[in-house]
Amino acid sequence: MTDLLARPYWYLRHGETDWNAEGRSQGRTDIPLNPTGEAQARQAGLVLARHLGEHPIARIVSSPLGRARRTAEIVAQVLAEHGGPLFQVDLDDGLKEVCFGDQEGKPMGNWYDSWIAGEYTPVDGESFAELRERAVCAINRATEAPGVPLVVCHGGMFRALRAAMGLKPNVRLPNATPMWAQPAGPAQPWELTAVS
């Protein structure tokens, strides 16, 4: 099992989609941002622009799924409008949302704890252990270059990263809420700070 490199980064879950609003599992199904999600992405960009002096962003890396990529593009534009550079959004297939198999499109159920514990994997889906390994490798790629990246990604991925950080994994991250992720020290859980 690969460990997270002890390097800080920004994490941003994509803005809202219609399936988010309806409480449906998305997984790899490529549902676009809805108008609320577009507005949330703009607001996240403004929030991050206010924190550029504190934790400057060196690059933006995104999941290639449309809802994350569009969120990243909006944030990049807002940062440029507020004195930052105009970042090109780099895509990493390793940041794609978990494949929820036959659960995609269905109402979110109460199976997440069993999935995280490794007791259940949706038919044709990805196990939590597989997701955790993929998520950690993707974040390590994003943080290996100098400077702090902004990673624009997904809610299931965030659960896997929380597990790798030594934190309770089954915590839902609201759409488009910038999180500052910082290692606390050897054998210590990471510190996550939501900024607004």
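Figure 1. Ile-57 stands opposite Val-148 in β4. The model is predicted: local features need pLDDT of at least 70, side-chain atom pairs count only at pLDDT 80 or more, and totals for chains, interfaces and linings use all residues. Residues are numbered from 1 along each chain as its sequence is written, and side-chain values use heavy atoms, with hydrogens and water left out. Strands (E, at least two residues) and helices (H or I, at least four) are DSSP runs numbered from the N terminus. β2 pairs with β4 in the parallel sense over five bridges; two strands pair if DSSP finds at least two bridges between them.

**Figure 2. The strand order of the sheet.** The sheet is open and has six strands, in the order β3-β2-β4-β1-β5-β6, with mixed pairing. The edges are taken by β3 (89–91) and β6 (191–194); each has a single partner strand, so one side of each is left without a neighbour in the sheet. From one strand to the next, the twist averages 25 degrees. Three bridges join β2 (residues 57–62) to β3 in the parallel sense, and Leu-91 in β3 is the bridge partner of Ser-62.

**Figure 3. The enclosed strand β4.** Six of the six residues of β4 are buried, so this strand is largely enclosed by the rest of the structure. Buried means under 20% relative accessible area, exposed over 50%, and partly exposed in between (1.4 Å probe, protein chains only). Val-148, Leu-150 and Val-152 point one way from β4, while Pro-149, Val-151 and Cys-153 point the other way. β4 also pairs with β1 in the parallel sense, over four bridges; there, Tyr-11 stands opposite Val-151.

Figure 4. Helix α6 (residues 155–164) lies across β1, β4, β5 (179–182) and β6, at about 140 degrees to β1. Contact means heavy atoms within 4.5 Å. Axes are lines fitted to C-alpha atoms, for helices over the stretch in contact, and angles run from 0 to 180 degrees between N-to-C directions.

**Figure 5. The packing of α2 on α3.** Helix α2 (residues 35–50) packs with α3 at an angle of about 45 degrees, and their axes are 8 Å apart. That makes α2 oblique to α3; angles under 35 degrees count as roughly parallel, over 145 as roughly antiparallel, 65 to 115 as roughly perpendicular and the rest as oblique. Residues of α2 in this contact include Glu-38, Arg-42 and Leu-48, and those of α3 include Arg-70, Ile-74 and Leu-79. By class, the contact has nine nonpolar, two polar and three charged residues. Ala, Val, Leu, Ile, Met, Phe, Trp, Tyr, Cys and Pro count as nonpolar, Asp, Glu, Lys and Arg as charged, and the others, Gly among them, as polar.

**Figure 6. Leu-46 in α2.** Leu-46 is found in helix α2 and is partly exposed, with a relative accessible area of 30%. Leaving aside neighbours within four places in sequence, Leu-46 is in contact with Val-78 and His-82.

**Figure 7. The crossing of α5 and α6.** The axes of helix α5 (residues 128–143) and α6 come within 8 Å and cross at roughly 85 degrees. The two helices α5 and α6 are therefore roughly perpendicular to each other.
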